[in-house]
Amino acid sequence: MCKDQGRPYGYFVETTGPQFSPRLLWRIYVNDGHQELVRGAVFKQLDTRALRSDIVATGNDNYVYNRAEPLPSAIVAPSILFGELDIQRANRTREKLPQYPAPALSSAAKQGN
């Protein structure tokens, strides 16, 4: 479908996380089929309008999404192919890593053994 539309790549969402944000998102290139992992992305507008008008095909598999909040529930749906769905960078501030002192070097490491 991406090749027919003249697009260099498409996206494949393997699993979703909270608020249906992509947990494992892959960019798949049309010319050779290689995949790149995409980090820090969210769907721009995944709403009922997209579910009504942009679905191209569905699979015959079942994906189960369990939620604990606000009420425990489960959603079961097949794989879905969207004609167009915007993906954007997540608005997350960069979390600072904890600052720990560097580990002490052993005498063997100092001598290069």
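Visitor: What do buried, exposed and partly exposed mean here?
Guide: Buried means under 20% relative accessible area, exposed over 50%, and partly exposed in between, using a 1.4 Å probe and protein chains only. At 63% relative accessibility, Asn 62 counts as exposed.

Visitor: Where does Asn 62 lie?
Guide: Asn 62 is in the loop between strand S5 (55-58) and S6. This is a predicted model, where local features need pLDDT of at least 70, side-chain atom pairs count only at pLDDT 80 or more, and totals for chains, interfaces and linings use all residues. Residues are numbered from 1 along each chain as its sequence is written, and side-chain values use heavy atoms, with hydrogens and water left out.

Visitor: Which residues does Asn 62 touch, not counting those up to four places away in sequence?
Guide: Asn 62 touches Val 76 and Ala 77. A contact means heavy atoms within 4.5 Å. The C-alpha atoms of Asn 62 and Ala 77 are separated by 5.5 Å, with the two residues 15 apart along the chain.

Visitor: And how do S6 and S7 pair?
Guide: Strand S6 (residues 63-67) and strand S7 (residues 73-77) pair in the antiparallel sense over five bridges. Two strands pair if DSSP finds at least two bridges between them. S6 and S7 form a hairpin, with five residues between them.

Visitor: What stands opposite Val 64?
Guide: Val 76 in S7 stands opposite Val 64.

Visitor: New topic. How many helices and strands does the protein have?
Guide: There are three helices and nine strands in the protein. Both are DSSP runs numbered from the N terminus: helices are H or I with at least four residues, strands are E with at least two. Along the sequence, the pattern reads α-β-β-β-β-α-β-β-β-β-β-α.

Visitor: What is the order of the open sheet of three strands?
Guide: The order is S1-S2-S3, and the pairing is antiparallel. Strand S1 (9-16) and strand S3 (35-38) are the edge strands, each pairing on one side only. On average, neighbouring strands of this sheet are turned by 30 degrees against each other, direction ignored. Axes are lines fitted to C-alpha atoms, for helices over the stretch in contact, and angles run from 0 to 180 degrees between N-to-C directions.

Visitor: Over how many bridges do S1 and S2 pair?
Guide: S1 and strand S2 (residues 22-29) pair over seven bridges, in the antiparallel sense. Tyr 9 stands opposite Tyr 29 in S2.

Visitor: Which aromatic cluster does Tyr 9 belong to?
Guide: Tyr 9, Tyr 11 and Tyr 29 form one aromatic cluster. The structure holds two aromatic pairs. One of them is Tyr 9 with Tyr 11, which is edge-to-face, at 5.6 Å centre to centre and 80 degrees between the planes. Rings of Phe, Tyr and Trp (its six-membered ring) pair if their centres lie within 6.5 Å; planes under 30 degrees apart count as stacked, over 60 as edge-to-face and the rest as tilted.

Visitor: What are the relative accessible areas of Tyr 9 and Tyr 11?
Guide: Tyr 9 has 30% and Tyr 11 has 36%. Tyr 9 is partly exposed, and Tyr 11 is partly exposed.

Visitor: Last one. What is the mean pLDDT of the protein?
Guide: The mean is 81, and 88% of the residues reach 70 or more. pLDDT is the predictor's confidence in each residue, from 0 to 100. Among the elements, helix H3 (residues 107-111) has the lowest mean pLDDT (58) and S3 the highest (92).
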